[in-house]
Amino acid sequence: MLFGGRKKVDHNPKTDLYAQPLQFYGQPPLENISLSEFESFAVDRLKLLKTVENLGVSYVKHFEQYSKKLEAEIKALNFSYRAVDGPEKRRKDHISHFILRLAYCQTEDLRRWFIQQEVDLFRYRFNQLECNQKLEFLHKNNLQYDTISAEEKKHLKEKLLNSSYAISGAKLEELDFYKVPFQDALDLVRTRKVYLKEGYAYIPPNDIVTIVLNDFRTRLSKALALTARSLPAVHSDERLQPLLNHLSHSYLGQDYSVQKNVGKISLEQIDSLAGKSFPLCMRQLHQALRDNHHLRHGGRMQYGLFLKGIGLSLEQALQFWRMEFIRGKVDADKFDKAYAYGIRHMFGKEGKRADYTPYSCMKVILSNPPSQGDYHGCPFRHSDPELLKQKLQSYKVSPSGVNQILELVKGMHYQLACQKYFELTHNVEDSTFSLSHPNQYFIESQKALGGGKDVKREADTLQRPQENSAARGSAAAREPAVNESQHLAEITKNLETDFQDA
Amino acid sequence: MPSSDYDPACLPDLLPLYYRRLFPFAQYYRWLSYGGVQKNYFQNREFSFTLKDDIYVRYQSFNSQNELEKEMQKMNPYKIDIGAVYSHRPNQHNTVKSGSFQALEKELVFDIDMTDYDDVRSCCSAADICPKCWTLMTIAIRILDRALRQDFGFQHLLWVYSGRRGVHCWVCDEAARKLSAAARSAVAEYLSLIKGGEETVKKVVLTDPIHPFIRESLRVVEHYFPQYALKDQDILGREESVEKILALVPEDVRKELQLFQNERNPEKQWRHIKALAEKKQTTAKKGQHFEKEIMLQYCYPRLDVNVSKGVNHLLKSPFSVHPKTGRISVPMDLKDLDKFDPFAVPTISLICEELDRPKAEEDEAKSEDTKGKENEKDSAEKRKIRDYKRTSLAKYVRYFDQFLDGMARSWKGELLRKSDLQKEF
């Protein structure tokens, strides 16, 4: 049973738990807090995680600018970031993490987002620790891996030197290499930054953070799955539910899953829209589709969902794809058998009936990179700079504009590059929005080109998610009637203990 | 000619024969039950069938070898795919509470498809293959097999010819079957060197230091490169091809290379390129590896990461028939890899024909076998055991048996371990 009958634990765990600057969040908090603290902590942490997300796309992670900006944000939000910080900030860190777990455990997408940002935040903070603090952390958290003998090191010397950069021959002698099962070092394996032999990765001490991160990610993932199972109890409380819902929606912002303007676009318009209002990625896909009368799976998904987002109905979509594929090597029969199913699936009419949401820029840039024969992905991220240049030139972008875009691409600011492309092709000085979604590009474009009232209203509603999430957060905070903080805190505490038992 | 003429229209007549008398059910079941170490491993495995008229059915599962045989003989699938081992019987997944039905384990798989090499092969394109470009598969198998064994420590790898234009690899080790999706994707990315789609000209970029994995892979590529690329594909002999290669070298090198335009002999041209690369290596601040990059771009295996990533991904089953070519997806014995000829792989029409007219050599072997087994099984069973043995399929099933014997040793160990643990109570 969830409510009542549980005694409040009366000792003060603060000093023990908060002795460490960094933690794995293994133990949930066991105290009462007020509802206002509950909300403000959650909102602050959400702001922090959103900052982590934005910085991660705009700057190279963990290089100077990224670190400086992140540190500034952590300070501003009053979270702990240095070893010298006191228990107050660490307590806030602890509690806010667990509250957000409640909000972000519900769907696969939310979980993935939450885990990604928490991992990035953790990585930043772990790297800020001193060497001895890192070791202390490892030992306190049971990550014991074996080091290899001097003989083995000598035997593998060439291989070790060639797999871990920034290690000279001399240093090799002094360093301890850890032998870790490759499943525990996936990030290093994936990027081939480590020597592998018979299923073991040979890790230099500097890279041990990646192992720690893996562990953190796995633990958090499991914890979220457990949390999700206890969620019905949380949602039955009327005060928690609206807050938690707001928290999880503010991350998604506009996801273009609810189709507005369905049927307002006709198929004949698509060619001209592609030239005028589609972002480069979709323009490229459309062109490839027209040229080859075919698109591979990745391209069909990215483009198909985008079209759904701009308002194509299922019937229109089926007609659109069918017409094009038939011009190629696919006959009507085969289309109906092999491809129509996929399109209906996208609209939630098949399989598990999930209504898939059009991909955000983040998703296009980060997942499923294109390979031979593919046209999906983000051209600013995935295209050869030379080819990108030619393409921009062929779309009549001025030479200086092309250069500005290429500079942004070089700096890995892909969304900013796309935004610059928008500005140049629409002849606006400064785009007032912050680009994060291809459908957003389309709407802004239609707005800029003097679209109808409908479209304008659309653009207004999506301006709001771009605003400071602070405004959103405090708006959410004001909503629920706030007076029985005692009761609420009791519930929260009970829930946390419940999770602990699980 | 080893292959009888195959006509897809005959498939409806050939399939019943194939499934009644040729498909190696005993070995298949032996494989997928993995020694019975885990309860319900076979029963919770998903199969999917493509039936006549492209009807596709998923979430098929079977309680025993017998049930598998009966169902397959009833449905006569055109294609068979193998999926994951789930938490519950796949054919009952609708009765399970939503969210509880999960894919738990599956072999780690790789799919190498010749179409992914279209930008670097001149002899064929799309679904076509020929002996000249088949070398790409040989190279791919050698590189991946070595890496999966030596780098990742896997031991039980089954390489299978897909029936038309590629090969599949099934990594059957217990550790492999238990890998998470993230781990699978990490392994696939470790093995990937070719990055980029239509819009990317230079698909391989090497930076110092060169990882031991890349060095080992280069060794394999270098072994096949002169014959495959310089001779068979003649990459330096044709103008458009030379243009493509020049696009892969740095600008200053391009200029120097044009001086050698008159050189007709491709080996000599390649030696020029290599020499230039070596020269650059010593003078440039950062390593220049364009000659290696060219070799890799033209020869290194191209995997579809998406096939390997998903625990629940369905992949064509070994011993499935390819409806377009009629060829059986046979396991490949790597001992004879360099001699493997995809065009000599038996088709369903050939082996059905051979049922009535057994191969000469097989008769001898047959009489030896039956003497021992005569008393143990009844005549119908005997006929079943012998049937595939008198066809060209025999050697592939024999190889599959060896593969299973290799794995069986590890299952025995596991079973002993488990029973020991139980005795302690």
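Strand 5 of chain B is a mostly covered element in this predicted model: six of its six residues are buried, where buried means under 20% relative accessible area, exposed means over 50% and partly exposed lies in between (1.4 Å probe, protein chains only). Strands here are DSSP runs of E with at least two residues, helices are runs of H or I with at least four residues, and both are numbered from the N terminus. In a regular strand, side chains alternate between the two faces of the sheet. For strand 5 of chain B, both faces are covered: Leu108(B), Phe110(B) and Ile112(B) sit on one side, Val109(B), Asp111(B) and Asp113(B) on the other, and all are buried.

This strand belongs to an open sheet of three strands in chain B, with the order 5-7-6 and antiparallel pairing; two strands pair if DSSP finds at least two bridges between them. The edges are taken by strand 5 and strand 6 (157-161) of chain B, each of which pairs on one side only. On average, neighbouring strands of this sheet are turned by 15° against each other, direction ignored; the axes behind such angles are lines fitted to C-alpha atoms, for helices over the stretch in contact, and angles run from 0 to 180 degrees between N-to-C directions. Six bridges hold the antiparallel pairing of strand 5 with strand 7 (residues 166-171) of chain B. Along it, Asp111(B) stands opposite His168(B), and Ile112(B) has Val167(B) as its bridge partner.

Asp119(B) counts as buried because its relative accessibility is 18%. Its side chain makes polar contacts with the side chains of Lys203(B), at 3.0 Å, and Arg302(B), at 2.8 Å. A polar contact is a pair of N or O atoms within 3.5 Å; within protein, one must be able to donate a hydrogen and the other to accept it, and residues adjacent in sequence count only if both atoms are side-chain atoms. With neighbours within four places in sequence left aside, Asp119(B) is in contact (heavy atoms within 4.5 Å) with Gln372(A), Lys203(B), Lys244(B) and Arg302(B).

Now for chain B as a whole. It has 16 helices and eight strands, and 53% of its 425 residues count as buried. Among contacts between residues at least 6 apart in sequence, 71% join residues at least 24 apart. Ser48(B), in strand 1 (residues 45-51) of chain B, counts as buried because its relative accessibility is 1%. The side chain of Ser48(B) has a polar contact of 3.1 Å with that of Tyr56(B). Not counting residues up to four places away in sequence, Ser48(B) touches Tyr56(B), Val57(B), Arg58(B), Lys79(B), Ile80(B), Asp81(B) and Leu314(B). Elsewhere in chain B, the peptide bond from Asp208(B) to Pro209(B) is cis, with omega near -10°. Pro209(B) is in the loop between helix 6 (181-190) and helix 7 (212-232) of chain B.

Chain A has an open sheet too, made of four strands in the order 1-2-4-3 with antiparallel pairing. Strand 1 (146-147) and strand 3 (195-197) of chain A each have a single partner strand, so one side of each is left without a neighbour in the sheet. Three bridges join strand 3 to strand 4 (residues 200-203) of chain A, with Lys197(A) opposite Tyr200(A). His293(A) lies between helix 15 (280-292) and helix 16 (297-310) of chain A and is partly exposed, with a relative accessible area of 21%. Lys396(A), between helix 21 (385-394) and helix 22 (399-410) of chain A, counts as exposed at 75% relative accessibility.

Residues are numbered from 1 along each chain as its sequence is written, and chains are lettered from A and ligands numbered from 1 in the order in which they are written. Local features need pLDDT of at least 70 and side-chain atom pairs count only at pLDDT 80 or more, while totals for chains, interfaces and linings use all residues; side-chain values use heavy atoms, with hydrogens and water left out.
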